[in-house]
Amino acid sequence: MLARPALNNTPLAASVATPPDAPAAVASAPAARKLARQPAPSGASPVIHPRWLRVTHWLNGLAVVIMVMSGWRIYNAAPFFDFTFPNSITLGGWLGGALQWHFAGMWLLFANGLLYLALNVATGRLWRKFLPVSPGGVIRDLLAALRGRLSHADPRHYNQVQRLAYLFVMADIAVLILSGLVLWKSVQFDLLRDLMGGYEAARRVHFFAMALLAGFVAVHLAMVALVPRSLLTMIRGK
């Protein structure tokens, strides 16, 4: 009588050898089940510009357009240089209408700009986005931009040239508002008038501050044309 072979009491699952180079998820069934239960990562991209920033940005843009175009018409009524602006690019139709548009734009710029600055400070965005700025960093990023080597891959990050430009335009708008107060209420704001060298000097300060602001807008639009994604992020937020 032939002897029956001894039965192997080892479970079948344990008798199948796992290759030594198998991944841990294959070698360990509990780990694989745990991994399968984990939620899949969301494909939504993070918000780059919050809603409050986008709203105040576009309102600031509207206020600047109103003030610049109506300001050109006001300048044409009493120019202090040997040129005037074409009436076709001015706003208001006549001096009184231009002044009304200008005051409307001024209050919009003042209120909305103050809200923009307050929210930037309250959320800490002012320090995260616009600081630090150093002369060496600005020169380095400017030279890289001129050579076409400045990366724009991450719209959440401002290079030092952008930081300086945004800080400059904030200060320029402050000068624009203060000089505008002198032109609006020269007697009431006599201290500001004296600090600016008188009414006529305040007119020139206001004019050059407006010209610098218009120059910033022109450069800003040129950069948007070069990097169209920046426009989309300011519309959609991401």
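Predicted model: local features only at pLDDT ≥ 70, side-chain atom pairs only at ≥ 80, totals over all residues.
Local features need pLDDT of at least 70, side-chain atom pairs count only at pLDDT 80 or more, and totals for chains, interfaces and linings use all residues. Residues are numbered from 1 along each chain as its sequence is written, and side-chain values use heavy atoms, with hydrogens and water left out.

Student: How many aromatic pairs are there?
Tutor: Rings of Phe, Tyr and Trp (its six-membered ring) pair if their centres lie within 6.5 Å. Planes under 30 degrees apart count as stacked, over 60 as edge-to-face and the rest as tilted. By this rule the count is 19.

Student: Which parts does the pair of tryptophan 72 and phenylalanine 85 tie together?
Tutor: The two rings are stacked, 4.8 Å centre to centre with 15° between the planes. Helices here are DSSP runs (H or I, at least four residues), numbered from the N terminus. Tryptophan 72 lies in H4 (residues 51-77) and phenylalanine 85 in the loop between H4 and H5 (95-122), so the pair joins parts 13 residues apart in sequence: helix H4 and that loop.

Student: Which ring lies under the charged end of lysine 129?
Tutor: A charge sits over a ring if NZ of Lys or CZ of Arg is within 6 Å of the ring centre and within 35 degrees of the ring normal. Lysine 129 has its charged end 5.5 Å from the ring centre of tyrosine 158. The ring is that of tyrosine 158.

Note on methods. Helix = DSSP H or I, 4+ residues; strand = E, 2+ residues; numbered from the N terminus.
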